[in-house]
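Subject: Handover of a structure and the findings on it

Dear colleague,

Please find below the structure that I am passing on to you. My notes on what was found in it follow directly after.

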Amino acid sequence: MLIRIESVGKTYQLGVQTVTALRDVSLNIEEGAFIAISGPSGSGKSTLLNIIGLIDTPTSGRLLIDDHDVTGRPPEVLAHLRARAIGFVFQTFNLLPVLTAEENVEFPLLQFRELSTKQRRERVAQLLDLVKLSDHARHRPNQLSGGQRQRVAIARALAIGPRVVLADEPTANLDHRTGGRILRLMRRINRKYGTTFIFSTHDPRVLEIADRRVDIEDGTIVRFGVRTGETWSYAAERPASDRDDSRDDLK
Ligand code: ADP
Ligand code: MG
């Protein structure tokens, strides 16, 4: 299993107040999935993605990546893992404004000492071609539309050849049509390269393109959905195929 989340809880301390962002969240995500985390604002979507992305750590429970327990590993180990395995796409694109599109895509590759400049440039050119922005390579973010910026961000996320791309409300700042195009682009990449995509949304229309969904409310998973054709089948619990039968602490 690529990602296993086991009974994860997350609380934040705000002065004397304890805010519960996640409670008892368990979820398995297999390699190649294209999965939406759906829920209203404040339900815990970003917290969950940040925990999967090793940006934040759970207060309780465990996170396993490739069946390795990464809970409680030192920050530098997590940073190394993150830099080589996880790509991020954000609601606000988060491109570096002084860099051109191609420089933004190249940026995460600079840490790979084993790549020559030529190899790096070739990879950037391939990625810009993949997101159909080869003719905008020298443009800076402020010379690009929202949809184009998000395509640069997708190319950047893919640059390291990640196992998983995490996209936190990737279409929230785009109009519906552009958002639809961005999701279909992610879907094509998912099918073509088998890259796992996990994205969050509070827009029901965005869900049209997912094949699995996890609905979250008040920090807890309320149902799991699997697409069958045009409709969703729901389970309040994880599907049996998704459960770990070796766990005996659930009796
Ligand atoms: P969503 O992404 O679904 O809008 P979040 O994961 O951002 O939800 O937030 C879930 C809950 O946790 C909210 O009540 C939010 O206010 C709280 N929260 C998130 N991050 C922090 C933080 N750094 N400090 C305190 N509370 C936080
Ligand atoms: Mg959020």
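A residue is called buried when its relative accessible area is under 20%, exposed when it is over 50%, and partly exposed in between, with a 1.4 Å probe and protein chains only. Helices (H or I, at least four residues) and strands (E, at least two) are DSSP runs, numbered from the N terminus. This is a predicted model, in which local features need pLDDT of at least 70 and side-chain atom pairs count only at pLDDT 80 or more, while totals for chains, interfaces and linings use all residues. Residues are numbered from 1 along each chain as its sequence is written, chains are lettered from A and ligands numbered from 1 in the order in which they are written, and side-chain values use heavy atoms, with hydrogens and water left out.

Helix H1 and the ligand

Helix H1 spans residues 45-52, and six of its eight residues are buried. These are Lys45, Thr47, Leu48, Leu49, Ile51 and Ile52. Just after H1, Leu54 has a positive phi of about 60°.

H1 also takes part in the shell around ligand 1, to which it gives the most, with three residues. Strand E1 (3-14) and strand E2 (17-29) each supply at least two residues of that shell as well. Around the ligand (a heavy atom within 4 Å) one finds Tyr12, Leu14, Val19, Ala21, Pro40, Ser41, Gly42, Ser43, Gly44, Lys45, Ser46 and Thr47. By class, five of the shell residues are nonpolar, six are polar and one is charged; here Ala, Val, Leu, Ile, Met, Phe, Trp, Tyr, Cys and Pro count as nonpolar, Asp, Glu, Lys and Arg as charged, and the others, Gly among them, as polar.

Taken alone, ligand 1 exposes 560 Å², of which the protein buries 64%; the areas come from the Shrake-Rupley method with a 1.4 Å probe.

The nonpolar cores

In soluble globular proteins, nonpolar side chains tend to be buried together. A nonpolar core is a set of buried Ala, Val, Leu, Ile, Met, Phe, Trp, Tyr and Cys residues joined through side-chain atoms within 4.5 Å. The largest one here has 39 residues, and Val105, Ile154, Met186 and Phe199 have the most contacts inside it. Among the elements that each supply at least two of its residues are strand E3 (34-38), helix H4 (117-130) and helix H6 (176-193). Helix H5 gives the most, with six residues. Ile154 is in contact (heavy atoms within 4.5 Å) with Val89, Val131, Ile182, Leu185, Met186 and Ile189, not counting residues up to four places away in sequence. Apart from this core lies another, of 30 residues, including Leu27, Ile37, Leu48 and Ile52.

Individual residues

Asp24 is in strand E2 and is exposed, with a relative accessible area of 55%. Phe93 lies in the loop between strand E6 (86-89) and H3 and is buried, at 9%. Leu115, in the loop between H3 and H4, is partly exposed, at 24%, and touches Leu109 and Arg120, not counting residues up to four places away in sequence.

Yours sincerely
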